[in-house]
Amino acid sequence: MPGQTTATGALHVFPTRDELITGLADWLLKRSLEKKEGAPFRIALSGGSTPQHLYALMASSPYVERFPWRNMQFFIGDDRFVPHDHADSNFGMLQRLLFSKAPIPAGNIFPMPDRGVAEEAAQSYERTLKDLYGAEEFAPDRPFFDVQLMGVGTDGHTASLFPGQPVLHNRKAWVATCVPPAAPHTRLTLTYPAIHASQHVVFLVEGAAKQHILTRIRAQDPACPASAVTALGELVWFTDQAAAPSDKQ
């Protein structure tokens, strides 16, 4: 389809996890410094264990001195609908590893709401995004996010887009709820249209346990929600050798 790239996008494979994390940190730094002066660099961050190494690296020297923090705006791709100080909160993890360590203005951080009714919280976050974007619908030539950072689960889910869930068919809302059957918490998640509204969608995948599912996603297996992710600009994969698809081993 013209104007979008799919989950079969470019693949960058690194020998080890440490080299993978450093490679992605360098890539993000370059993208953030390329942003035109005066325009915010908007990035949506993901949860999960692998990105935690990235966030810790970004908040340490020399990266913490080099990122243009004052020009960056941070969003959450998905989160569990729990208080921000809960052990399972993605925002809480980001606050601990990155937001409290780097000199980011408080007004540049946009957490998902953690109180009230989940559906209303999703609508509230969507309102925040629409107000910042300045429109009620995404334009086909104007991305909202500069970078959307994503991971994948062994079941093929990404963000909180889980197999078999109604949210997979929601192509109108920007933010929606999801209640995975095997998970203890309701989730708030960006939807496919909101993820698509990105200049760069970046998947970070690490470890041999993800190799099989990554092969399926890049083969566009419809059973894997990540297979349906697209980008307005480019979609790229950053993996270590252990996670690389079978045809790249």
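## The second largest pocket

The second largest pocket has a volume of about 190 Å³. This is a predicted model. The lining of this pocket consists of Lys35, Ala39, Pro40, Arg42, Tyr133, Arg142, Pro143, Phe144, Phe145, Asp146 and Gln199.

Sorted by class, the lining of the second largest pocket holds 6 nonpolar, 1 polar and 4 charged residues.

## The largest pocket

Rolling a probe the size of a water molecule over the atoms shows where empty space is left. In the largest pocket, that space comes to about 610 Å³. Its lining is made up of 37 residues. Gly47, Gly48, Ser49, Arg80 and Asn90 are the lining residues that lie nearest the centre of the largest pocket.

Several elements each give two or more residues to this lining: helices H2 (50-58) and H4 (90-99), together with strands E4 (78-80), E6 (145-150) and E9 (198-205). Which of them gives the most? Helix H4 does, with 4 residues. By class, the lining of the largest pocket has 17 polar, 11 nonpolar and 9 charged residues.

## Packing of H2 against H4

Two packed helices are described by the angle between their axes and the distance between the axes. For H2 and H4, the angle is about 35° and the axes lie 8 Å apart. On the H2 side, the contact is made by Gln52, Tyr55, Ala56 and Met58. On the H4 side, Met93, Leu94, Arg96, Leu97 and Leu98 take part.

The contact of H2 with H4 has 7 nonpolar residues, 1 polar residue and 1 charged residue. H2 and H4 also both contribute to the lining of the largest pocket.

## The chain as a whole

The protein chain contains 7 helices and 10 strands. Its radius of gyration is 17 Å, close to the 18 Å that the globule rule gives for 249 residues, so the chain is as compact as a globular protein of that length. The C-alpha trace spans about 45 × 45 × 40 Å along its principal axes.

Of the 249 residues, 54% count as buried. Among contacts in the chain with a separation of 6 or more, 77% come from residues 24 or more positions apart.

Methods: Residues are numbered from 1 along each chain as its sequence is written. This is a predicted model: local features need pLDDT of at least 70, side-chain atom pairs count only at pLDDT 80 or more; totals for chains, interfaces and linings use all residues. Side-chain values use heavy atoms; hydrogens and water are left out. On a 1 Å grid over the protein atoms alone, a cavity is a set of points where a 1.4 Å probe fits but cannot get out, and a pocket is an open set with protein on both sides within 12 Å along at least five of seven lines; lining residues have an atom within 4 Å of a point. Grid points are joined across faces, edges and corners, and a volume is the space filled by probe spheres set on the points. Ala, Val, Leu, Ile, Met, Phe, Trp, Tyr, Cys and Pro count as nonpolar, Asp, Glu, Lys and Arg as charged, and the others, Gly among them, as polar. Axes are lines fitted to C-alpha atoms, for helices over the stretch in contact, and angles run from 0 to 180 degrees between N-to-C directions. Contact means heavy atoms within 4.5 Å. The radius of gyration is taken over C-alpha atoms; the globule rule is 2.2 Å times the number of residues to the power 0.38. Buried means under 20% relative accessible area, exposed over 50%, partly exposed in between (1.4 Å probe, protein chains only).
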